[in-house]
Amino acid sequence: QVQLVESGGGLVQPGGSLRLSCTASGSIFSTNAMGWYRQAPGKERELVAVITARGSTKYADSVKGRFTFSRDDAKNTVYLQINSLKPEDTALYYCNGGTYFSATYYPSNYWGQGTQVTVSS
């Protein structure tokens, strides 16, 4: 059974930084792409970053240049470095193990519990 556990969220001031982590149990890592999603209150969950099994990354336009997605397969962990945080980045952030094919990320049913990021002065 696959489990995903996110951590690293918190309350930060605008312009600050956080590094989110997602550690997976099971075999989800070695052959899967991974995705970070976020969901703000009253909004739909949105995909913000993808990393393929080979380490290529893709980002939503709203986070490009500020978010960096990396993976450490030896630790079964992915990281999302978030810089220059804005109030609109406030959301519950989730990781997911899925498939990336033809420029599209297909999420699996494997989700963590999320980690809250709040950006406020």
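Guide: A disulfide is a pair of cysteine sulfur atoms within 2.5 Å. Keep that cut-off in mind as we look at this predicted model.

Visitor: Happy to. How many disulfides does the structure hold?

Guide: There is one. The disulfide joins Cys 22 to Cys 95, with an S to S distance of 1.8 Å, which is why the pair meets the 2.5 Å cut-off.

Visitor: Which parts does the pair tie together?

Guide: Cys 22 sits in strand E3, residues 18-25, and Cys 95 in strand E9, so the link ties together parts that are 73 residues apart in sequence. Strand E9 itself covers residues 91-101.

Visitor: What is the handedness of the link between Cys 22 and Cys 95?

Guide: The link is right-handed, with 45° about the S-S bond.

Visitor: Are Cys 22 and Cys 95 buried or exposed?

Guide: The general idea is that a residue under 20% relative accessible area counts as buried. Cys 22 has a relative accessible area of 0%, so Cys 22 is buried. Cys 95 is also at 0% relative accessibility and therefore counts as buried.

Visitor: Which residues is Cys 95 in contact with, leaving aside neighbours within four places in sequence?

Guide: Besides its partner Cys 22, the contacts of Cys 95 include Leu 4, Glu 6, Gly 35, Trp 36, Tyr 110 and Trp 111. As for Pro 107, 12 residues from Cys 95 in sequence, the C-alpha to C-alpha distance is 9.7 Å.

Visitor: Now the nonpolar cores. Which residues have the most contacts inside the largest one?

Guide: First, the general idea: in soluble globular proteins, nonpolar side chains tend to be buried together. Here the largest nonpolar core has 25 residues, and those with the most contacts inside it are Trp 36, Phe 69, Leu 80 and Tyr 93. Elements giving two or more residues to this core include E3, E4, E9 and E11. E3 gives the most, with four residues.

Visitor: What does Phe 69 touch, not counting residues up to four places away in sequence?

Guide: Among the residues Phe 69 touches are Met 34, Trp 36, Val 50, Ile 51, Tyr 59, Val 78 and Leu 80.

Visitor: What polar contacts does the side chain of Arg 38 make with Glu 46 and Asp 89?

Guide: The side chains of Arg 38 and Glu 46 are joined by a polar contact of 2.7 Å. With the side chain of Asp 89, the polar contact of the Arg 38 side chain is 2.9 Å. Leaving aside neighbours within four places in sequence, Arg 38 is also in contact with residues including Val 48, Phe 67, Leu 92 and Tyr 93.

Visitor: And where is Ser 120 found?

Guide: Ser 120 is in the segment after strand E11, which spans 115-119. At 39% relative accessibility, Ser 120 counts as partly exposed. Leaving aside neighbours within four places in sequence, Ser 120 is in contact with Leu 11, Val 12, Gln 13 and Pro 14.

Definitions and conventions: Residues numbered from 1 in each chain as written. Predicted model: local features only at pLDDT ≥ 70, side-chain atom pairs only at ≥ 80, totals over all residues. Heavy atoms only, no water. Polar contact = N/O pair within 3.5 Å; in protein donor to acceptor, adjacent residues only side chain to side chain. Contact = heavy atoms within 4.5 Å. Buried < 20%, exposed > 50% of the residue type's maximum accessible area, 1.4 Å probe, protein only. Core = buried A, V, L, I, M, F, W, Y, C linked by side-chain atoms within 4.5 Å.
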